[in-house]
Amino acid sequence: LTRSSLAMLEGQYLDLEFETRLDVTTDEYMGMISRKTGALMSCAMEMGAIVGSGNREMTTAFAEAGWHLGNLFQIRDDVLGIWGEAATTGKPTGSDILRKKKTFPVVHAFEKGQGAAAATLRRVYQKDSLTQQDVEEVLEALEVSGARGEAEALAGRLGQQAIDALMVTEVGPEHMEEFEKVVSFLLRRER
């Protein structure tokens with residue numbers, strides 16, 4: 001619990017630090033969320049396995065599954081923070097852009113974007129504060145870069161990795177089915 005708490009604090013620090021940088025890489029971003037959200041879910045699942053089984057192999061598998069699940073949760077949260085419906089999420093569409101958060105779609109677009117889209121991102125994210133017009137320009141640049149599709153594909157891969165981590169254990173088929181439902185819910189959640 002202490003180890004995971006420290007990792008979450010490190011991840012939160014990095015998340016805030018990234019807001020002032022234009023050079024965040026997807027590898028750095030994944031390292032940040034694995035500390036922040038990945039560590040939280042990993043800890044919860046690992047502790048449950050410790051209490052529920054006491055089996056070292058099971059505990060390790062549950063910790064790994066939780067790590068992937070936490071990363072999936074964060075990637076989906078990033079998608080919702082940009083493209084989520086305001087009436088459902090309670091936040092305006094593009095709210096993470098307005099706050100200049102370096103979410104996965106934005107980091108991906110910075111890293112892979114080219115031409116006018118890349119120039120737009122650099123210009124907008126260098127401003128001290130953003131307007132709704134800036135948000136619209138960033139949304140267009142994200143569209144051109146394929147950032148949403150890449151984020152959704154990554155979330156799908158993380159979900160499968162979470163399932164695969166538990167497949168090597170003696171978790172019964174009825175429990176695996178329930179876990180797969182959790183993964184499916186996280187991939188489709190709208191809040």
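Which helix is Ser4 found in? Ser4 sits in helix α1, residues 2-18. Helices here are DSSP runs of H or I, at least four residues, and strands are runs of E, at least two, all numbered from the N terminus.

Ground rules, quickly. This is a predicted model, so local features need pLDDT of at least 70 and side-chain atom pairs count only at pLDDT 80 or more, while totals for chains, interfaces and linings use all residues. Residues are numbered from 1 along each chain as its sequence is written, and side-chain values use heavy atoms, with hydrogens and water left out.

Back to Ser4. Its relative accessibility is 8%, so Ser4 counts as buried. Buried means under 20% relative accessible area, exposed over 50%, partly exposed in between, with a 1.4 Å probe and protein chains only. Leaving aside neighbours within four places in sequence, Ser4 contacts Ala39 and Cys43. Contact means heavy atoms within 4.5 Å.

Next, helix α2, residues 26-52. There is a bend of about 45° at Gly38. That is the angle between axes fitted to the seven residues ending there and the seven starting there. After α2 comes Gly54, with a positive phi near 70°.

Ser34 also lies in α2. Is Ser34 buried or exposed? Buried, at a relative accessible area of 15%. A polar atom of the Ser34 side chain is 2.9 Å from the backbone oxygen of Gly31. Not counting residues up to four places away in sequence, Ser34 touches Ala39, Trp67 and Asn71.

Now the rings. How many aromatic pairs does the structure hold? There are 2. Rings of Phe, Tyr and Trp (its six-membered ring) pair if their centres lie within 6.5 Å; planes under 30 degrees apart are stacked, over 60 edge-to-face, and the rest tilted. Take Phe110 and Tyr125: centres 5.5 Å apart, planes at 75°, so the pair is edge-to-face. Phe110 lies in helix α6 (residues 104-112) and Tyr125 in helix α7 (residues 115-125), so the pair ties together parts 15 residues apart in sequence. Both residues, Phe110 and Tyr125, are buried.

One more ring. Arg189 lies over the face of Phe73, 4.0 Å from the ring centre. The test for a charge over a ring is NZ of Lys or CZ of Arg within 6 Å of the ring centre and within 35 degrees of the ring normal.

Last stop, Gln126. Gln126 is in the loop between α7 and α8 (132-145). Gln126 counts as exposed, at 55% relative accessibility. From Gln126 to Ser42 is 84 residues in sequence and 35 Å in space, C-alpha to C-alpha.

Conventions: Polar contact = N/O pair within 3.5 Å; in protein donor to acceptor, adjacent residues only side chain to side chain.
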